[in-house]
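Welcome, and please open the structure in your viewer. We will go from the whole chain to its core, and then to the ligand.

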Amino acid sequence: MLHRPINPSPLRPEEVRQLVAMARTVVGITIDTHKTDFLSGRLGRRLVATGAKDYAEYCRLLQSNAAERTAFGEALTTHTTSFFREKAQYDWLLEEGIPALVEDQPQREVVIWSAACSTGQEGYSALMVMQQARDRGHRGIAPRLIGTDISRPVVQRAKTAVYSKPEVEGISLELRRRFLLSSKSADDVYRIVPELREQTTWRPANLASGDGLDGISADIVFLRNILIYFDEEIRTRVIDNVFRRLKPGGILMTGHTEASHARRDGLDLVRPSIYRKVT
Ligand SMILES: C[S@@+](CC[C@H](N)C(=O)[O-])C[C@H]1O[C@@H](n2cnc3c(N)ncnc32)[C@H](O)[C@@H]1O
């Protein structure tokens, strides 16, 4: 069978300009106009899938077709994540963050928001830590997790909560035994236990535009490995959107390389990459 080449068309400067502008509008992300290899590497498949004969035709399609704009955003986003990524933050939550949060009110719901949740590992790691906090005597905590991401496929995967063996390797053996079920029908496939899955809600949302964020009010927000993709204007908008949904006294975590991007009035830096909203 003959395959069409994945990257059939050269990218002209005018098309690069249009695609970069569209990426900013649709997803909020900033792409360097020199990164033509990145653009053609990510978008070559969209040309094939849509049948556009070149990038000029693809740009016209993007203007007129909302479904293709979604697929375009999907093709450009990076979903790298893992269980207990930047583990020091989870350790801090267990040792200091959660005890301080519930000190005045030990019997309470604690809402965690994984704000760019990708395939869910960040959120499930947080719920495992909440269970550990309960074991340590904070029995009155009722954890609830909201996971949001601009990408529908990753949100769907987070909800399904099925992971491969390499993916679960970041979870300690003790937590794996407690919070993972092995598949009866397939080797090396695991699912998060119902006890944790039942504490979760997943939905698509755009942190830059605010679409899908209504009703969120969180005690702990994970906003990690996302701010680096935005320029200053969009970043400010994203931080505002998150700040408004963080309860007074609540905790905001960023990626360790992004901590300075979240600096703003009303957020105190507690540790590198960990903020607390002033009460
Ligand atoms: C690199 S992953 C980070 C996942 C996780 N927070 C972590 O640190 O492991 C970035 C995620 O941000 C999502 N994303 C990109 N732009 C977004 C936007 N404007 N609103 C919401 N999510 C977005 C991507 O779809 C992707 O899943």
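A residue counts as buried if 20 or more other C-beta atoms lie within 10 Å of its own, as exposed if 12 or fewer do, and as partly exposed in between, with C-beta atoms placed from the backbone. By that count, buried residues make up 37% of the 279 residues in the protein chain. This is a predicted model, in which local features need pLDDT of at least 70, side-chain atom pairs count only at pLDDT 80 or more, and totals for chains, interfaces and linings use all residues. Numbering starts from 1 along each chain as its sequence is written.

Start with the whole chain. Its C-alpha atoms fill a box of roughly 65 × 50 × 30 Å, taken along the principal axes.

Of its 74 residues, Ala-218, Val-221, Leu-223 and Leu-252 touch the most other members. This core draws at least three residues from each of domain 1 (13-76) and domain 2 (87-277), with bounds from an automatic or database domain assignment.

Now select the ligand. Which residues come nearest? Of the 23 residues around the ligand, they are Thr-81, Ala-116, Ser-118, Arg-224 and Asn-225; "around" means a C-beta atom, placed from the backbone, within 6 Å. The shell also draws at least three residues from each of domain 1 and domain 2.

Finally, select Leu-223 again. Leaving out residues up to four places away in sequence, Leu-223 touches Ala-115, Ala-116, Val-242, Leu-252, Met-253 and Thr-254, where contact means C-beta atoms, placed from the backbone, within 7 Å.

Definitions and conventions: A nonpolar core is a set of buried Ala, Val, Leu, Ile, Met, Phe, Trp, Tyr and Cys residues joined through C-beta atoms within 7 Å. Two residues are in contact if their C-beta atoms, placed from the backbone, lie within 7 Å.
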